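Dear colleague,

I am passing on the structure we spoke about, together with some notes on its core and its charged pairs. Please keep in mind while reading that this is a predicted model.

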Amino acid sequence: MGLTGIQIFKLLPKTNCGECGVPTCLAFAMNLASAKAELDACPYVSEEAKEKLAEASAPPIRQVAIGVGTRALRIGGETVMFRHEKTFYNPTGIAALVKTGIASADLDKKLKGWNALQYERVGLNLRPELVALQDVNGDGAGFAEAAKKIAEESEFNLVLMTENFEAMKAALNGCAFKKPLLYAATAKNVDQMGSLAKERGLPLAVKAESVEKLISLVDKLTGMGLKDLVLDSGSREAKPLFQDQVVIRRAPLKAGNRALGFPTITFPCEMANNLDVETLLAAMLIAKYAGIVVVSDFKGENLFPLLLERLNVFTDPQRPMTVTQGIYEVNGPNKNSPVLVTTNFSLTYFIVSGEIEGSRVPSWLLIMDTEGLSVMTAWAAGKFSGDAVGSFVKKSGIADKVAHRKIIIPGYAASISGDMEEELPGWQVVIGPRDASLIPKFLRDSWK
Ligand code: SF4
């Protein structure tokens with residue numbers, strides 16, 4: 001539970017020096033309580049207060065990192081039951097299963113194929129993040145060898161799946177540098193797995209046969225000092241797993257039960273015998289709170305819908321997706337190339353730039369910051385007015401890049417052309433098509 005403004009105020013220096021940007025410590029405390037300020041803005045807050053505030057402001061569901069560097073996967077850290085209440089922060093990790101005993105050449109082939117499954121969408125790179133390596137035949141050496149290979153030769157993060165403590169320990173010799181998730185501590189091995197995860201500073205999955213049994217295992221592990229846990233309630237059927245997922249999300253958020261305040265790992269690969277059904281189950285679990293879903297294989301036709309669903313579920317509904325304001329070059333423009341202007345709503349940018357690219361006409365595309373609004377909405381809100389667009393064009397620096405003085409505006413914003421020409425003396429404002437799909441023909445016909 002977060003602290004109130006008054007509780008935070010009691011921990012601040014109370015000197016009202018104003019260095020944090022507001023005149024009083026009380027005002028700063030209120031801003032902190034409503035997440036409008038960062039604690040770092042006060043240079044005088046004590047270490048003790050920092051610790052207390054960090055603890056109190058931690059999300060009820062712990063954020064757990066698997067992997068290192070830019071490819072590290074963060075799961076958990078969620079603060080709401082439903083996306084429309086605020087947003088979901090950390091997208092579900094998608095993993096494919098590999099079992100020990102696989103020939104080295106086959107593993108190479110799989111990793112290479114899976115790595116190629118990356119998709120560009122609204123300027124983002126969509127791809128799966130994890131390989132779950134399962135020890136199926138007690139072959140510790142084979143498990144360690146495959147773990148090392150995946151860690152060293154691929155960009156995937158790793159889930160090491162064995163309940164055999166010795167096999168887990170041996171595998172870590174070759175892959176601990178990649179910060180894998182250890183799966184799993186159970187009632188039988190909890191002391192050994194807990195100690196190993198603590199000693200190596202690695203995240204640990206906890207598996208039980210029910211949510212109740214999970215709680216007692218988690219209590220034991222947190223008592224040992226472990227913080228980065230991932231939960232598996234053991235259910236392998238759709239309905240009970242769905243219920244467990246809801247219970248595990250609800251408990252820390254609604255009842256303050258920190259024992260369940262961790263992300264979950266789920267196994268569609270153990271719940272169906274074909275990839276299409278697994279994909280349906282994974283889709284349900286992405287929508288309903290899974291931190292990780294493990295499927296038996298990555299195939300484009302199954303993976304792509306999951307990636308797209310995940311993108312939608314984890315996009316902040318309060319903030320439109322935007323691109324940065326500026327001048328974009330499409331098809332290698334020169335000083336005689338046409339100049340087009342539009343808004344910085346991601347979808348607008350990608351549709352317009354895609355059509356220009358398809359036209360093969362070298363062009364300059366000016367993207368104006370309209371806080372992520374599309375052309376019509378920005379125009380209606382006064383953010384894409386003739387004055388504003390004219391002033392943006394002036395400041396953009398495009399006049400130094402082209403030898404002409406013509407600018408093409410979206411057809412839906414035709415009414416701003418007069419004000420724009422007043423703001424941009426010497427420029428001719430050309431009204432472009434209303435529909436982006438007509439841009440290629442428009443450019444080819446009218447820009448000779
Ligand atoms: Fe108070 Fe710190 Fe802000 Fe100064 S910088 S007013 S001490 S909160």
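The largest nonpolar core has 74 residues, and those with the most contacts inside it are Trp114, Leu133, Leu160, Leu182, Leu204 and Phe298. To take one of these, Leu133 is in contact, once its neighbours within four places in sequence are left aside, with residues including Val98, Thr100, Phe143, Ile150, Leu160 and Met161. There is also a second, separate core of 21 residues, among them Met368, Ile409, Leu424 and Trp427. As background, nonpolar side chains tend to be buried together in soluble globular proteins.

Turning to charged pairs, the structure holds 19 salt bridges. In one of them the side chains of Arg310 and Glu129 meet, with an N to O distance of 2.7 Å. Because Arg310 belongs to helix H11 (residues 300-313) while Glu129 sits in the loop between strand E5 (124-126) and strand E6 (130-134), this pair ties together parts that are 181 residues apart in sequence. Both Arg310 and Glu129 are buried.

A salt bridge in another setting joins Asp445 and Lys441, whose closest N and O atoms are 2.7 Å apart; these two are separated by about one helical turn, since they lie four residues apart in helix H16 (residues 439-446). Asp445 is partly exposed, at a relative accessible area of 43%, whereas Lys441 counts as exposed at 52% relative accessibility.

With best wishes

Technical notes
Residues numbered from 1 in each chain as written. Predicted model: local features only at pLDDT ≥ 70, side-chain atom pairs only at ≥ 80, totals over all residues. Heavy atoms only, no water. Core = buried A, V, L, I, M, F, W, Y, C linked by side-chain atoms within 4.5 Å. Buried < 20%, exposed > 50% of the residue type's maximum accessible area, 1.4 Å probe, protein only. Contact = heavy atoms within 4.5 Å. Salt bridge = Lys/Arg side-chain N within 4 Å of Asp/Glu carboxyl O.
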